[in-house]
Amino acid sequence: MDCKGFSLTALLTAFCFFVVMADTVYTDLSYSFPEEMKRGSVIGNIAKDLGLDVNRLSARKARIDTEGNRKRYCDINVNTGELTVAERIDREGLCGKKASCVIKQQLVLENPLELHHISLQVQDINDNSPKFEEDAIKKDISESADKGARFLLEEASDADIGQNSVQSYTLQINEHFVLAVNTNSDGGKYSELILDKELDRERQQELTLILTAVDGGTPPRSGTVAIHVTVLDANDNAPVFSQPVYKVSLPENTPLESVVVTVSATDADEDQNGEITYVLGHISEEDKRLFALNRKTGAITVTGQIDYEDESTYELRVLARDGPGLTSYSKVIIEIMDVNDNAPSIALKSLNNPVPENVQTGTEVGIINVQDRDSGNNGQVHCSLQQNVPFKLVPSIKNYYSLVTTGELDRELVSDYNITITATDEGSPPLSSSKTIHLSVADVNDNPPVFEEQIYSAHVKENNKPGSSVCTVAATDPDWRQNGTVVYSLLPSDVSGAPVSSFVSINGDTGVIHAVRSFDYEQLKSFKVLVLARDNGSPPLSSNVTVSVFISDENDNSPQILYPSPEGNSFMTEMVPKAAQSGSLVSKVIAVDADSGQNAWLSYHIVKATDPGLFTIGEHSGEIRTQRDISESDSTKQNLIVSVKDNGQPSLSATCAVYLLVSDNLAEIPELKDMSYDESSSKLTFYLIIALVSVSTFFLTFIIVILAVRFCHRRKPRLLFDGAVAIPSAYLPPNYAEVDGAGTLRSTYNYDAYLTTGSRTSDFKFVTSYNEGTLPADLTLKKTQTSVDDLEGLCTTNDSQVWPLIFMSC
Ligand SMILES: *[C@@H]1O[C@H](CO)[C@@H](O)[C@H](O)[C@H]1NC(C)=O
Ligand SMILES: *[C@@H]1O[C@H](CO)[C@@H](O)[C@H](O)[C@H]1NC(C)=O
Ligand SMILES: *[C@@H]1O[C@H](CO)[C@@H](O)[C@H](O)[C@H]1NC(C)=O
């Protein structure tokens with residue numbers, strides 16, 4: 001606007017000049033006066049200056065005019081001719097920063113028309129104060145700024161010009177900054193802040209300074225502005241840990257994710273510069289597995305299995321770093337506390353397995369080592385064994401125990417042991433573990449074979465097949481394998497003068513006793529064999545047993561007729577008195593049987609007779625008696641065929657012929673001569689009769705003596721025989737002798753006894769070979785008593801027979 005005004009003024013001026021030059025005289029008036037004068041203030045006297053007549057002014061209609069529609073700033077007082085201020089004149093408003101400010105006005109007079117240019121020079125007065133654009137100046141200055149650093153400040157403006165414009169600046173006194181004032185190329189003044197002392201954001205984050213701009217007017221005017229200095233952070237602080245060393249204790253087996261400790265560091269810096277991240281310093285792979293550090297929070301957590309037994313302390317270096325990278329370190333010491341988490345372990349260091357059963361009490365059979373990885377009480381271990389085993393643990397050097405026996409071992413009772421060792425620590429709660437040791441007991445040959453029976457008896461029939469089994473012995477041996485393997489053998493001995501091995505043999509493995517030969521009851525009724533059972537140990541153990549073999553009778557001998565002689569040509573003739581009455585004893589058939597029992601129980605029958613009704617024979621006695629009285633009509637020669645049968649199955653028999661002569665006189669017998677050729681036979685009969693008589697006499701005498709002795713000494717023994725009939729010993733078969741159980745024939749007490757009948761009361765023959773008279777009575781008593789014992793032995797061992805021998809003592 002100023003510029004436009006100016007150009008318009010210039011145009012008008014040129015026009016005025018043109019007008020003046022054309023037809024009128026123009027005079028330029030110029031006045032200089034300060035701006036902002038009051039209205040009505042006199043600028044100057046135009047009339048005077050122009051030489052006009054004051055009285056005519058009004059007539060000439062003097063007035064101030066403007067070119068165009070410009071504003072009229074002044075008036076003329078027509079009475080005085082003075083030029084006065086009509087409007088407020090503000091230089092700054094009219095001319096701004098122009099060095100000269102001129103207002104063009106015109107004075108117009110009429111009659112004649114006159115035109116005068118009036119230049120009003122408006123002078124500046126200091127009516128404006130320096131002013132800053134903004135209310136406050138904001139300055140961000142890094143705390144790291146060096147001393148001497150300059151910071152340009154905005155200029156203050158002052159509408160006034162020249163000296164009235166800003167001439168200088170002042171800064172409020174402060175400890176950090178000073179002010180430098182400089183001049184622009186256009187003469188304006190500006191200022192700079194100079195850092196005089198370094199800033200520290202951490203001490204003072206911001207400061208406010210007052211900057212004052214002063215102009216050169218009189219009086220000077222000033223304007224102020226506040227400078228807000230914000231101290232910008234520089235990363236001048238490293239993080240600082242809250243503790244130089246963090247010490248924590250941590251029980252082992254702490255669960256994963258547990259927080260061990262939280263480290264914390266602070267950084268006085270701001271934002272990025274104060275933003276801390278935590279990192280674990282140089283750390284082993286192992287530790288890395290166990291611990292993790294949260295970058296942000298600084299919490300150290302457990303990420304692996306913490307085992308006190310592996311490592312009891314950990315030392316971690318923790319590093320705190322701020323954004324730009326300043327770091328500091330701290331140490332975390334983690335002490336691991338033991339927890340009773342390890343059961344004791346039992347190790348078998350050595351074991352004598354198997355252990356022989358004959359080891360002495362207190363023998364060491366094994367060594368055991370016990371370990372507990374825990375420490376303190378948690379690692380204190382006690383060992384024990386279960387009850388009922390003959391072993392105990394004896395502590396030896398630290399953590400070692402000897403396993404020793406506490407009693408005798410017997411493999412045959414307990415062949416192996418499961419020894420359970422229990423180890424318990426002293427932790428709370430205590431942990432324990434156990435181990436079972438299998439211990440075998442090795443065999444020692446300490447058991448001899450034992451026969452199942454104390455005594456064996458076997459019964460064998462005579463005429464057995466050689467090789468047939470007689471009996472089986474069995475012995476057991478509880479020892480192991482060969483120590484318990486039983487082998488049987490016969491102990492050498494004699495049986496009737498022959499080695500026992502010629503009678504029986506034994507199977508060494510099975511214990512079966514076989515007959516080697518065929519036995520003959522009539523020769524050998526029983527014998528004893530000693531069987532030895534021996535094991536295969538080294539040395540072997542053995543035991544023996546007696547096997548009594550009893551041979552039982554078979555009906556293998558036919559009856560043997562002793563009288564009458566069975567030979568056909570040497571018969572005997574019995575005399576039968578004619579006067580013989582019914583029932584008279586005529587003769588007697590005497591037969592023996594080498595067998596025994598039923599096999600020797602003979603029966604007699606008349607199988608053929610001259611006169612069948614005349615004679616009978618006692619079935620069991622063999623006595624031939626007349627059945628009726630002999631009459632004259634009966635033939636003198638009577639022949640009987642007698643059969644003797646035993647009672648065996650099948651029965652055997654023999655026959656003989658009995659010749660009877662019914663006559664009272666031998667001479668009457670015509671055939672006697674015929675018969676006398678058998679002189680020896682009749683002599684035999686004669687001798688027989690003599691023998692019979694003498695034996696009977698002797699026997700009677702014996703009885704009498706016995707009775708007499710008994711009469712004197714009431715306690716003397718006596719032998720009683722019922723219905724005894726003596727038979728001459730000459731008739732006995734040569735081999736007919738009772739053999740006792742042991743097979744020895746006791747000649748001193750040679751009681752030969754046999755039955756001719758089944759009757760208990762008749763036909764018992766008792767033959768004794770010793771002379772009663774040669775022995776004292778007491779001795780006799782003893783000897784007979786002994787022989788009774790022997791006989792009783794026979795009775796019990798050979799019970800198939802019924803013995804009719806009765807022996808009594810008084
Ligand atoms: C010992 O243990 C074994 C196996 O467990 C078993 O077969 C055996 O019978 C046990 N022996 C004893 C004497 O308990
Ligand atoms: C038998 O016993 C002996 C000691 O008497 C012993 O040395 C041997 O090993 C035992 N044999 C067996 C098979 O056990
Ligand atoms: C048979 O055994 C007995 C004891 O049982 C013993 O005294 C005897 O010597 C043994 N005989 C033989 C021949 O071994």
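Analyst: A disulfide is a pair of cysteine sulfur atoms within 2.5 Å. By this rule the count comes to 1 disulfide. Before we go on, this is a predicted model: local features need pLDDT of at least 70, side-chain atom pairs count only at pLDDT 80 or more, and totals for chains, interfaces and linings use all residues. Residues are numbered from 1 along each chain as its sequence is written, chains are lettered from A and ligands numbered from 1 in the order in which they are written, and side-chain values use heavy atoms, with hydrogens and water left out.

User: Which cysteines form the disulfide?

Analyst: Cys95 and Cys101 form it, with their sulfur atoms 1.6 Å apart.

User: Are Cys95 and Cys101 buried or exposed?

Analyst: Buried means under 20% relative accessible area, exposed means over 50%, and partly exposed lies in between (1.4 Å probe, protein chains only). Cys95 has 6% relative accessibility, so it counts as buried. Cys101 is at 1% and is buried too. Two further cysteines can be read by this scale. Cys383 counts as buried at 17%, and Cys656 at 4%.

User: Now the ligands. Which residues surround ligand 2?

Analyst: A residue is near a molecule or strand if one of its heavy atoms lies within 4 Å of it. Around ligand 2 you find Asp443, Val444, Asn445, Trp480, Arg481, Gln482 and Asn483. The protein covers 59% of the 360 Å² of accessible area that ligand 2 has on its own. Such areas come from the Shrake-Rupley method with a 1.4 Å probe; for residues, only the protein chains shown count as cover.

User: How does the shell around ligand 2 divide into nonpolar, polar and charged?

Analyst: Ala, Val, Leu, Ile, Met, Phe, Trp, Tyr, Cys and Pro count as nonpolar, Asp, Glu, Lys and Arg as charged, and the others, Gly among them, as polar. The shell of ligand 2 has 2 nonpolar, 3 polar and 2 charged residues.

User: Which polar atoms lie by an oxygen atom of ligand 2?

Analyst: A polar contact is a pair of N or O atoms within 3.5 Å; within protein, one must be able to donate a hydrogen and the other to accept it, and residues adjacent in sequence count only if both atoms are side-chain atoms. A polar side-chain atom of Asn483 is 2.2 Å from an oxygen atom of ligand 2. A polar backbone atom of Asn445 is 3.0 Å from an oxygen atom of this ligand.

User: What surrounds ligand 1?

Analyst: Asp416, Asn418 and His438 do. An N or O atom in the side chain of Asn418 sits 2.4 Å from an oxygen atom of ligand 1. The protein covers 29% of the 360 Å² of accessible area that ligand 1 has on its own.

User: Asp443 is in the shell of ligand 2. Which side chain joins that of Asp443 in a polar contact?

Analyst: Arg411 does, at 3.0 Å. The Arg411 side chain also has a polar contact of 3.3 Å with that of Glu412. Arg411 lies in the loop between β31 and β32. Its relative accessibility is 10%, so it counts as buried. Helices (H or I, at least four residues) and strands (E, at least two) are DSSP runs, numbered from the N terminus.

User: How is β32 placed in its sheet? What is the strand order?

Analyst: Strands of a sheet pair through backbone hydrogen bonds, either parallel or antiparallel. Two strands pair if DSSP finds at least two bridges between them. Here an open sheet of 4 strands has the order β27-β33-β32-β29, with mixed pairing. Its edge strands are β27 (355-356) and β29 (381-385), each pairing on one side only. Strands β32 (residues 416-425) and β33 (residues 432-442) run antiparallel and are joined by 9 bridges. As one case, Thr422 has Ser434 in β33 as its bridge partner.

User: Which residues have a positive phi although they are not a glycine?

Analyst: Glu257 is one, with phi about 75°. It lies in the loop between β18 (245-251) and β19 (259-262), and at 60% relative accessibility Glu257 counts as exposed. Asn399 is another, with phi about 70°. Its place is the loop between β30 (391-395) and β31 (400-405). Asn399 is partly exposed, with a relative accessible area of 30%.
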